[in-house]
Amino acid sequence: MDFALIFENWPLFARGLWVTISMVSLSLALGALLAIPLALVQAYRVPVVGRLAATYCYVFRGTPLLVQIYILYYGLAQFQSIRDSVLWLLLGNAYSCAVIGFTLNSAAYVAEIYRGALLSLDKGEIEAASAYGMTRAQVIRLIALPQAFRLSLPAYSNEVIFLLHASVVASTITIVDILGAGRKLNSTYYVVYEGFLTAALLYMVVVLFITLVFRKAERKFLAFR
Amino acid sequence: MDTLFAYGPMVLSGISLTITLSLASLVLAVLCGLIGAWAKLSRYRLLNITGNAYTTLVRGIPDLVLMLIIYFGGQTLINSLGEATGLWGYIEISPFAAGTFAIGFIFGAYMTETFRGSYAAIDKGEIEAALACGMRPATWLRLIVWPQIVPLMLPSFTNNWLVLLKTTALVSIIGLQDVMYNANQAGRSSHQPFLFLLLAFAVYLGLTALSDLGFRQLRNRYKLR
């Protein structure tokens, strides 16, 4: 192990770390938003739309993220019409392709978590809210969703770590994330351990950090249990 | 359509490799999981620590990073060990062995948690009663532990298998010719990446749907929802 080599290249890893963190946070935020309607239409059994949302979740959870990312990045580039359209601003760029892919994938998983939480809510609470004369939309916005978010917290922390781990596939579409930095170091200096082990260590540190943050959050938001 | 017939069979030929690799990794994962759970449940502290280190480490590092470490780092490590001790000459690790080992080792950590959690959920009184009756360990395992532990671990085991199956797509990155690799190659040769990546997408969806059906049968047998 050549530690000097790793320290000399710290800007490379710092950039990689930033790319991973920004990519994953952006996708998580967008995914969590997209998951809300996906979960609601399933939990409230909205005809047709509920079924469509369920199919969406099933398909995105049933296929590897790698395939999804490749379809977005390599697959869609096949069509001239897409390359000529405004969409190309997003799809022609590896970083935004990764964010779109991660968002669509994460939304499917998070929707499952929300859906489970919505279904496990205390019926009494919902009935009490309706008895107070709240409209259905008010019940959902003020009672059901905030409660569901709290209940989702433990499962959601797993999803965050899952997406962080899954984000390594970004390095296969030319993005220099944490693993990308490791691969770059290895191929530049013809070494095998330095880049990958540094990447592994960085991922572990991020996972540890996420775990700590969620433990704090759970203690705060689930204190009533 | 012609290109689909020209390259389609090549993509589909990867299915056998994907399935073989998944099953081989699953066997290894179950073995690692049994050993891991035994270590974690053991009354010896050293074994507990080792078991905990195994699950924490593996679940902290992304699968692709571990796979690359094992494939590239492991290769170098084995050969430098061989050179230093003079016990063996140059050994080349095949991508299949590296892939199986990496995936089996990684999912062994998840299996450890599945087995440990399910065992912990069995009523301790029954276990003690059976032992107090003088049951031999083999009988005890077969008649008392097995029938209770299977329904408990089935949901999480199913989940592990589905994630494992999708994870095998990553071996295409270390050059194994699975569905993903072949789809990528077919897409490049035919200049129709979308078509073949979509085919791979469908194959994975089919495989997970089939597994889902199989496990549903098992769940019905054990009267689980």
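**Salt bridges and a helix crossing**

In chain B, the side chains of B:Asp212 and B:Arg216 meet in a salt bridge, with N to O at 3.8 Å. A salt bridge here is a side-chain nitrogen of Lys or Arg within 4 Å of a carboxyl oxygen of Asp or Glu. You're looking at a predicted model, where local features need pLDDT of at least 70 and side-chain atom pairs count only at pLDDT 80 or more, while totals for chains, interfaces and linings use all residues. Residues are numbered from 1 along each chain as its sequence is written, chains are lettered from A and ligands numbered from 1 in the order in which they are written, and side-chain values use heavy atoms, leaving out hydrogens and water.

Back to our pair. B:Asp212 and B:Arg216 sit four residues apart in helix H8 (residues 193–221) of chain B, so about one helical turn separates them. (Helices are DSSP runs of H or I with at least four residues, strands are E runs of at least two, and both are numbered from the N terminus.) B:Asp212 is buried, at 14% relative accessible area, whereas B:Arg216 is partly exposed, at 42%. Buried means under 20% relative accessible area, exposed means over 50%, and partly exposed is in between, using a 1.4 Å probe and protein chains only.

Now for another spot in chain B. B:Lys40 and B:Glu113 form a salt bridge through their side chains, 2.6 Å from N to O. B:Lys40 belongs to helix H1 (residues 2–41) of chain B and B:Glu113 to helix H4 (residues 95–121) of chain B, so this pair ties together parts that are 73 residues apart in sequence. B:Lys40 is buried, with a relative accessible area of 16%. B:Glu113 also has a salt bridge with B:Arg116, their closest N and O atoms being 3.2 Å apart. Those two both lie in helix H4 of chain B, three residues apart, or about one turn of the helix. B:Arg116 is partly exposed, at 28%.

Over all chains, the structure holds four salt bridges.

Let's hop over to chain A. Helix H2 (residues 10–43) and helix H11 (residues 194–221) of chain A pack at an angle of about 45°, their axes 11 Å apart. The axes are lines fitted to C-alpha atoms over the stretch in contact, and angles run from 0 to 180 degrees between N-to-C directions. Where do the helices touch? Among the residues that meet are A:Phe13 and A:Leu17 in H2(A), and A:Leu202 and A:Val206 in H11(A); contact means heavy atoms within 4.5 Å.
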